[in-house]
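Welcome! Have a look at the model, then read on.

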Amino acid sequence: MKVICKVKSISKKFLEIIKSKKKEGSTYERKRINLFLPIEVKPREFNSKLFLSAIAAKNGFRCYIGSKPAINKTLNFKNTSAGIYFSNNSKTERELDYYKNKANKYLILDEELSPERKEYTEILAERIWPGSESRIDRYYVVGLNAYKAAKKHFGSMDTVVRLTGWPRVDLWRKNFKKIYSKETNEIKNKYGNFILFSSDFNWISKKKINDTIELYKNYGWESLKEWVKNEDFENTFNEFQIFIKIFKILDDDNSCPLIIIRPHPNDDLVEWERIANLFKRIKVIYKGDISPWMYASSALLHRGCTTGIQAYMAGIPTGYVVTKEEWIRNNTTYDLSEKLYGNQELIKFCKKAIISKPLVPESYSKEFNNQLHVNKLLAVEYIVKDMLTLGVKSEKMIYINILDIIINELKKIIRSALNKINKIIKMNNEEHSIGIAPKEQKMQGGIRIREIKEYLKRLDPNTKYFVKHVIDDCVMIER
């Protein structure tokens, strides 16, 4: 019975593909600037990349948004050398030559150059592959401090650095809070009043630490090998252990409001699942974008993550949990948050937050504005205006024949079956590698047309977009 249903589903899918091909007609002939937007971590990047796609499409771009592997597959079908590849990091010279042969402009907006940092110099050295600078056409940064550091660090590449802000920060503004209202209300209705803890430990298991060291110790990028040598894995792991002890005490104290722990996309979720079983009341949930969870919460607890800035902008109380003075991350989020020492201060903070209301700041300090470029013009508008100055040639839509699509769909079915088999193997094999988060953890359901259409309506209800399935996990958007 399941096999028959699967065959019917495949047949239906192929009929939809054939119908869409017939409908394309003049759409395929229409020329646009092709913009490629790969997503590495969906919960972090999906909404902001989609927002950029919406604004770009309104300005004459054709946007391909999808997972990194899916965007790369789409580029393989491209036989011209025009367009824009919008990345979050650098590549080797050989890889950049490939991308620029497919899309002749390579742009970077680095998600790791986040606004909670006060010092950018060290991480800048880890983010650009040595010798690749001349192949990078734009380097967009989140704020003035990052801009100054990048201009100084990159030398000959300083002319491509642009101070634009982040599309992700655009969506933190109060007028965009409504796009998360459906999920926010669902979370509130299900969990009531709760405190959110945003985890960004990364090194929460010995297995993850050992896998990461093994992964990078022979890596070709010297700065990453040095990073592995210098990274203080043990201190972070030890701090995490202290946090779990604190949460166990809070879990046993019925006077403490409900706490929901949100794992980081790079955390070892297997370890979090094990820890979740230790709690009676505290919940561990990794689902979707963190924004609706934060807006549904009464307060945010953290240890210096970027979400603390988002909470501050939303007027939600933020508490930095201090375990040891020497482990304090002296960053922007720490400055903006109430410092919490010990279990009693934590419980007092949580109780007070439950009965308080969000208080959105009327203005931001000079120091804050230097970290985040929040201007009248949105970051997406800055970026799209700048991309239009690059002189990129307009092209037809990428053509993928029906046979290639059918092969891609069959591969998807096979891959899905193999993933299920691998899950079973991993459940029975504690030695599986967790150095890099698996695709299902980073992409959470993949890139789907229905979800894109729904969010486009929320972002821009007055504009009609043409949305088309390209291949698995890749969707095309244009006006």
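Of the 479 residues of the protein chain, 54% count as buried, where buried means under 20% relative accessible area and exposed over 50%, with partly exposed in between (1.4 Å probe, protein chains only). This is a predicted model, in which local features need pLDDT of at least 70, side-chain atom pairs count only at pLDDT 80 or more, and totals for chains, interfaces and linings use all residues. Residues are numbered from 1 along each chain as its sequence is written, and side-chain values use heavy atoms, with hydrogens and water left out.

**The whole chain**
- The protein chain has 22 helices and 14 strands; helices (H or I, at least four residues) and strands (E, at least two) are DSSP runs, numbered from the N terminus.

**Helix 3**
- Helix 3 covers residues 42-58, and 16 of its 17 residues are buried, so the rest of the structure largely encloses it.
- Just after helix 3 comes Gly60, with a positive phi of about 95°.

**Helix 22**
- In helix 22 (residues 449-459), the buried residues are Glu451, Ile452, Tyr455, Leu456, Arg458 and Leu459.
- Seen down the axis of helix 22, these buried residues fall within an arc of 160°, so they line one face of the helix; the arc is that of the directions from the helix axis to the C-beta atoms.
- Turned away from that buried side of helix 22 is a face that carries the exposed residues Arg450 and Lys457.
- Helix 3 is one of the elements that the buried residues of helix 22 pack against, and strand 2 (61-67) and helix 9 (181-191) are also among them.

Terms used:
Expected span 1.5 Å × (residues − 1). Contact = heavy atoms within 4.5 Å.
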